[in-house]
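Hi,

Here is the structure I promised to pass on.

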Amino acid sequence: MEGGTALEGKKTVRAAERALDILLCFTRQPTLSLTEISRMTELNKSTVYRLLATCEEKGFLIRDPDTDKYRLGFRVWELSANLSRTDDMAVLFLQEMERLRDGIDETVSLYVRDGFERVRVQAVESLQAIRRVAPIGSRMPLAVGASSKVLAAFAPPSEQALILGDPTWPESVDQVSYLTQLQEIKKLGYATSIEEREAGTSAVAVPVRNADQEVVAALAISGPVGRLTMERMIEVVPPALEAADRMGKMLKK
């Protein structure tokens, strides 16, 4: 009996993981079919169908009867509404990010570190016709990009060692050169990148510190390389640092 209970518990955890994997598919596209979800999760269609039915019944997904595609349900928005009443940085810093965007007219993003990746938790896009589109929830490696290097540069040495020990570290990025860059970034107080992660895009990032002077996020400005040149990136560093300083002061001690 005890063995059966343990096995049942294990199945429940696996089912929960699969259901969450399905919900996470919607960070990439707003609507998805059963076939698309099956391909993205690498689960068979019968398993996906059962999990979709459960998510739909609980209100986390809605199926369009005309297209047979799914989209996020109202329960997700209920959860996010509760999140907005907390001290979540994505909500807390939004007005300051908009203020920075309006002053420089480029896309402004906020990133936090999660293991070997950085996650975009908030973004305010430029109002210019040609702009950097920044989907919230995107995950990127810590090996490349201005925000990645800021988060790594100001991480404790023990955490830097873990980052460099990432088994998925790209062979194209030399770790010795990377460490040299991190040392320089720590001295300068900001990081830049030109087409490191995405062709045609450049970015500059600064750290956001809490009351204990710990770096909790990276505030980034990104745009097309033709407009956001190295000279322009250096020009926007002071307003970015001022915005990051104001953001840090919003955090509770």
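Below is what I found, taken one region at a time.

First, some housekeeping. This is a predicted model, so to speak of local features I needed pLDDT of at least 70, and side-chain atom pairs count only at pLDDT 80 or more, while totals for chains, interfaces and linings use all residues. Residues are numbered from 1 along each chain as its sequence is written, and side-chain values use heavy atoms, with hydrogens and water left out.

Helices (H or I, at least four residues) and strands (E, at least two) are DSSP runs, numbered from the N terminus.

**Helix α6**

Take α6 (residues 94-104): Glu96, Met97, Leu100, Arg101 and Ile104 are buried there, meaning under 20% relative accessible area, with exposed being over 50% and partly exposed in between (1.4 Å probe, protein chains only). They sit on the same side of α6 because they cover an arc of only 140° around the axis, taken from the directions from the helix axis to the C-beta atoms. On the face turned away from that buried side you'll find the exposed Gln95, Arg99, Asp102 and Gly103. The cover over the buried residues includes β3 (107-114), β4 (117-124), β8 (215-224) and α10 (230-250).

**Helices α7 and α9**

The axes of α7 (residues 146-153) and α9 (residues 175-188) come within 9 Å and cross at roughly 80°. Axes here are lines fitted to C-alpha atoms, for helices over the stretch in contact, with angles from 0 to 180 degrees between N-to-C directions. The two helices are therefore roughly perpendicular to each other, the label for 65 to 115 degrees (under 35 is roughly parallel, over 145 roughly antiparallel, the rest oblique). From α7, the contact (heavy atoms within 4.5 Å) uses Ser148, Lys149, Val150, Ala152 and Ala153, and from α9 Tyr178, Gln181, Leu182, Ile185 and Lys186.

**Strand β7 and its partners**

Strand β7 (residues 201-209) is mostly covered, with eight of its nine residues buried. It runs antiparallel to β6 (residues 191-194), joined by four bridges; strands pair if DSSP finds at least two bridges between them. Ser193 stands opposite Ala203 in β7. Six residues lie between β6 and β7 in their hairpin, and Glu195 in the turn has a positive phi of about 55°.

β7 also pairs with β8, again antiparallel, over nine bridges. Here Thr201 stands opposite Pro224 in β8. This hairpin has five residues between the strands, and Gln213 takes a positive phi near 65°.

Cheers
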